[in-house]
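Good morning, and thank you for coming. I would like to take you through one model, beginning with a pair of helices and moving on to the sheet beside which I shall end.

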Amino acid sequence: MKVLGILGGLGPLATVYFYEMITRHTGAACDQEHIDIVISSRASTPDRTAFILGECADDPFCALSADAARLVSYGAEVLAIPCNTASYFRSRLQAACPVPILNMVELTMQRLAAEGCRKMGLLSTAGTVQAGVYQRACERYGLSCAVLDAEGQKALMGVIYDDVKQGRRANMAAFGRAVGCLEAQGCQRVVLGCTELSLVKRDEGLDGFYLDAMEVLAGAAIRACGKEPVGF
């Protein structure tokens, strides 16, 4: 089996959940059959959305690339980044990294296309929307991508930053307003394109209308390391 490196801390709760998700969904009968994993959880990494929106000059790439190199030096043979907004930096990171970095956005679009989806709605940070990583991936797979209006995006950012990142239960009324904006645009599926929203799916029991990009990444990470995922 290959050693997995998790480039995390973006945020910390999402990294904890990602590690748990991989462990729970790896087909293993004993400790020794699980994947060897090394984790970097640099919570002090500059905020990705703030940088993309021009609200902060601190480039997260510096911390991300340094931690990727440390994971590789510790034996990681494939890397996963449980942060959708960090996908903005993935190409630069891959160019500087000698091991594969799994592409969460691409993997999620592949999954949607394979399931016959033609129009998806995106729930993500304003930084991910501004970066356009999901919109460009949708074009490659012939999918239409709907995003939130200003009011819906503001409500969702409150759920992400004011609720989940602060350890509070999500304001589901605000979440519902954001989802309603996408439903009104005729979306067949909604992608949870922020790993804090993965926690909302877990805690609130969201149904199959939602595709969790972090679940897709976890399944791909398990396979990349030579095991088969169970329960996805």
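**Helix packing and the parallel sheet**

Helix H1, residues 12–24, packs against helix H11, residues 213–224, at an angle of about 50°, and their axes lie 9 Å apart. Axes here are lines fitted to C-alpha atoms, for helices over the stretch in contact, with angles from 0 to 180 degrees between N-to-C directions. Helices (H or I, at least four residues) and strands (E, at least two) are DSSP runs, numbered from the N terminus.

This is a predicted model, in which local features need pLDDT of at least 70 and side-chain atom pairs count only at pLDDT 80 or more, while totals for chains, interfaces and linings use all residues. Residues are numbered from 1 along each chain as its sequence is written, and side-chain values use heavy atoms, with hydrogens and water left out.

H1 and H11 are therefore oblique to each other; angles under 35 degrees count as roughly parallel, over 145 as roughly antiparallel, 65 to 115 as roughly perpendicular, and the rest as oblique. On the H1 side, the contact (heavy atoms within 4.5 Å) is made by Ala14, Tyr17, Phe18, Met21 and Ile22. H11 contributes Met214, Glu215, Leu217, Ala218, Ala221 and Ile222.

Let us look at one of these residues. Not counting residues up to four places away in sequence, isoleucine 222 touches Ile22, His25, Thr26, Ile35, Lys227, Glu228, Pro229 and Phe232. The C-alpha atoms of isoleucine 222 and methionine 1 are separated by 9.7 Å, although the two are 221 residues apart along the chain.

I turn now to the sheet. Four strands form an open sheet in the order S5-S4-S6-S7, with parallel pairing; two strands pair if DSSP finds at least two bridges between them. Strand S5 (144–146) and strand S7 (210–212) stand at the edges with a single partner strand each, so one side of each has no neighbour in the sheet. Strand S6, residues 189–192, pairs with S7 over three bridges, and leucine 192 has aspartate 212 of S7 as its bridge partner.

H11 lies across S6 and S7, at about 45° to S7. Helix H10, residues 195–204, lies across S4, S6 and S7, running at about 125° to S7. Serine 198 of helix H10 counts as buried at 1% relative accessibility. Leaving aside neighbours within four places in sequence, serine 198 is in contact with Tyr17, Asp212 and Met214.

Technical notes:
Buried < 20%, exposed > 50% of the residue type's maximum accessible area, 1.4 Å probe, protein only.
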